Amino acid sequence: MCGKSAIFYESASRPTARCVSGNTVYEECLQNGRYIGLYWSSTGQVQRENVVSVMPDELNMKRSAVAVWRRLNAFSLDVDGQSLDSRWVYVGGSTRQDKKGILESVIELSNTVRPVNVKVITKLDGSSVLVRYLEITNRGDKPAALGSVQPFAGRLWENLWQARWNDHLRMRTPFDLEAKTFFSIGYYQTSMHDVGNFGYEGNFVWKDVEEEYFVLSRLERQPYSAPFFIIRNNITGESFWVSLAWSAGYELKLWYDKMYCTLCMGLGPAGPAPLRVIAPGETVTTPPVHIAPLRGELDEAVLRWHSHLRSSVLAPRPEGKEMYTVAARVVEEPGDWILREIDIASKMGAEAFMVDAGWYGEGFKVWTENRGDWFEGEFLPKGGIAAIRNYTHARGMLFGLWMEAEALSINSKLFTEHPEWRISYDGESVDAVGAESILNLARPDTAAFFSQAVQEVIVGKQLDFFKLDYNNRIMEGGRYDVSGYAENQAWRHFECLYHTFDEIIEHHPNVALENCASGGGRNDLGMLSRFHYASQSDWSIFPFSIRAINGLTIFLPPETLCYYHNHLAIADKMTDLDTHLRVTLFCSPIFVGFGGQDTDRSTVYFQKTRMYIDLLKDFCRPIMKKATVFHHTPDIGLVEPTKWCVLEYADEKRTRGYVGLFRLGDDKSCDEYSLRLRGVDPQSVYDVTFHNTGVHLRLSGAELITNAFKVRLTAVNSSELILYQSID
């Protein structure tokens with residue numbers, strides 16, 4: 001991490017704020033009642049005073065159309081149907097520290113159209129990533145309806161200089177503009193046709209920005225995708241890395257002015273208005289936007305992004321529970337069979353056991369039938385959860401439970417007693433995708449029940465770790481009557497959810513928390529800042545498993561991800577045993593049982609499974625805890641035909657690492673892959689092991705970087721694992 005500062009001064013009689021963090025410089029000011037962005041720098045250069053004083057540039061000063069000025073606004077806000085894009089008055093600028101000690105720049109503005117004050121807050125943690133959020137205060141005597149908000153907006157680039165150079169100096173662009181666009185965007189696409197489908201987590205794709213108005217929305221077409229984007233300037237090579245820390249609906253908007261080669265953006269939560277009703281005197285906080293202009297190769301930017309997440313976003317891991325191998329089973333039948341599963345997991349080398357769905361409610365049922373009844377079922381082994389926990393601890397393993405705390409099954413006792421707690425839209429029930437419904441956490445009584453139920457399970461059951469699942473998709477959210485408004489339910493839902501787990505993190509820091517949502521449906525920074533790890537996807541069969549990890553680690557560090565091994569019964573049919581097990585080395589594995597309880601566990605299958613669990617613990621996990629990730633095949637997505645998926649993890653000091661090479665293509669051109677290692681020090685010497693053959697080579701780092709060696713695999717859906725370690 002580098003230096004950071006927040007400076008407030010006047011430029012051309014305008015109140016101006018300058019934020020510096022790492023190599024990022026960003027300035028914005030209040031001009032003619034509009035709070036606008038002035039410039040970005042990804043190289044750390046602060047512009048001269050005379051340059052800043054004439055910003056926005058001469059072009060935009062002349063093009064005084066309201067639409068142009070609005071797109072320069074550093075945030076957007078709609079209250080009571082009024083767009084508050086202007087008529088702001090400067091109250092003051094100051095700095096403060098958040099609970100983690102991170103520096104915050106605070107600009108306070110007051111609006112003269114509506115009785116609303118806004119604090120524009122920018123976190124500066126010393127990395128190149130800025131974090132922007134708003135505190136919105138209703139200073140009036142009546143409720144205020146927040147219709148829409150973008151915590152960050154404004155111009156990213158103006159490429160007019162390039163066009164001028166072309167016209168006047170006859171300079172050539174670095175590529176053929178007839179063949180490529182000025183701008184492109186990378187994002188998680190949840191199907192080939194942008195229609196949201198389960199199982200597409202990690203499908204990172206690129207798209208050229210060609211339309212003048214480009215929108216990505218989680219409301220209708222991206223319900224399983226994390227709000228993470230890389231917006232790339234194809235002329236300069238610079239990219240903006242952007243993520244909204246939010247778990248509900250969102251919209252990213254891009255405005256592309258083709259005539260002047262300009263790109264502006266806005267990002268924020270989205271849904272039917274109002275998003276939130278603000279009571280008189282109340283202050284609400286928007287979800288934050290993480291944003292950074294970055295240069296260099298993709299994985300250089302990945303490292304800087306991951307460093308930001310690790311240092312100031314992700315929840316610190318409990319001591320002794322940093323990473324561990326889990327075995328888990330759904331309660332599929334009554335009786336004490338689950339105790340035998342714990343014995344098997346212990347003998348296989350698992351370090352934790354989780355009782356998955358189905359442990360709760362009256363009478364044994366399918367796990368979806370009685371969610372909401374979070375009391376132990378009488379069908380569990382004698383002594384219930386406490387006995388299972390003690391049995392697990394006696395075998396030296398951690399103990400955890402599953403809970404879909406937001407769900408409300410219509411056959412549950414809870415629904416019978418409180419049907420009004422079900423989410424609704426104008427009085428009509430809302431059928432969620434994949435389940436009956438969810439709790440309306442906008443209601444104070446429902447929210448209180450939710451928070452208490454979570455506390456009782458985590459604290460009352462004395463858990464070592466806890467899994468929150470979410471198998472619902474309410475695209476727009478329900479509505480709840482607040483002060484005469486039909487308020488969208490989503491904002492208050494996540495206020496309750498986030499607050500509940502903020503309390504858990506603060507008061508019970510020794511409990512490890514897993515975030516799951518049909519697998520990877522809520523892998524956003526809103527959840528990951530309150531949980532320790534997240535599921536990659538429930539659709540965890542090869543080759544989607546490794547391709548999803550390959551794509552997700554562009555956004556999230558690998559230690560934050562877990563992979564459900566053998567979650568689907570067909571998983572073992574998709575590839576050979578070694579390849580199947582090698583996926584478990586690239587994030588934290590959760591083994592969904594180990595096969596039939598009466599199986600002979602001296603066979604090759606179980607010997608290899610134990611061997612890979614040991615390899616993970618002894619060699620891979622110490623690297624993965626703070627790995628530098630190298631994506632040799634970053635652009636393969638999840639579903640398009642491709643030849644190889646190659647992923648490399650190295651430790652911080654480049655003393656050791658490993659590479660998985662997974663052949664996915666089925667034609668002869670896929671037989672060989674030319675590999676140059678990227679996680680080695682050219683001045684060191686390494687012992688390199690080829691896992692398929694056991695061959696060891698002693699090679700210098702310089703050789704491994706510059707001289708490609710060929711890995712040959714002749715079968716589709718096969719793999720090689722290469723381990724390297726410095727011998728200096």
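Buried means under 20% relative accessible area, exposed over 50% and partly exposed in between, with a 1.4 Å probe and protein chains only. The model is predicted: local features need pLDDT of at least 70, side-chain atom pairs count only at pLDDT 80 or more, and totals for chains, interfaces and linings use all residues. Residues are numbered from 1 along each chain as its sequence is written, and side-chain values use heavy atoms, with hydrogens and water left out.

Q: Why is tryptophan 374 called buried?
A: Its relative accessible area is 11%. The limit for buried is under 20%. Therefore tryptophan 374 counts as buried.

Q: Is tyrosine 360 buried or exposed?
A: Tyrosine 360 has 0% relative accessibility, so it is buried.

Q: Why are phenylalanine 182 and phenylalanine 183 called a tilted pair?
A: Rings of Phe, Tyr and Trp (its six-membered ring) pair if their centres lie within 6.5 Å. Planes under 30 degrees apart count as stacked, over 60 as edge-to-face and the rest as tilted. A search of the whole structure finds 49 such pairs. For phenylalanine 182 and phenylalanine 183 the centres are 6.3 Å apart and the planes are at 40 degrees, so the pair is tilted. Phenylalanine 182 is buried at 15% relative accessibility, and phenylalanine 183 is buried at 0%.

Q: What makes the pair of tyrosine 360 and tryptophan 374 edge-to-face?
A: The ring centres are 4.7 Å apart and the planes are at 65 degrees, so the pair of tyrosine 360 and tryptophan 374 is edge-to-face. Tyrosine 360 and tryptophan 374 both lie in the loop between strand 24 (352-355) and helix 7 (384-394), so the pair ties together parts 14 residues apart in sequence. Helices (H or I, at least four residues) and strands (E, at least two) are DSSP runs, numbered from the N terminus.

Q: Which residues do ring pairs link into a cluster?
A: The cluster holds Tyr26, Trp40, Phe152, Trp157, Phe182, Phe183, Phe240 and Tyr256.

Q: How do you know that the charged end of arginine 395 sits over the ring of tyrosine 391?
A: A charge sits over a ring if NZ of Lys or CZ of Arg is within 6 Å of the ring centre and within 35 degrees of the ring normal. The charged end of arginine 395 is 3.5 Å from the centre of the tyrosine 391 ring and sits over that ring. Likewise, the charged end of arginine 232 sits over the ring of tryptophan 206, 3.9 Å from its centre.

Q: What makes a space a cavity, and what makes it a pocket?
A: On a 1 Å grid over the protein atoms alone, a cavity is a set of points where a 1.4 Å probe fits but cannot get out. A pocket is an open set with protein on both sides within 12 Å along at least five of seven lines. Lining residues have an atom within 4 Å of a point. A volume is the space filled by probe spheres set on the points, which are joined across faces, edges and corners.

Q: How many cavities of 30 Å³ or more does the structure hold?
A: There are five. The largest cavity has a volume of about 250 Å³. Among its 20 lining residues, Ser247, Ala248, Tyr470, Ile474 and Phe494 are the closest to its centre.

Q: Which element gives the most to the lining of the largest pocket?
A: Helix 10 does, with 11 residues. The volume of the largest pocket is about 1300 Å³.
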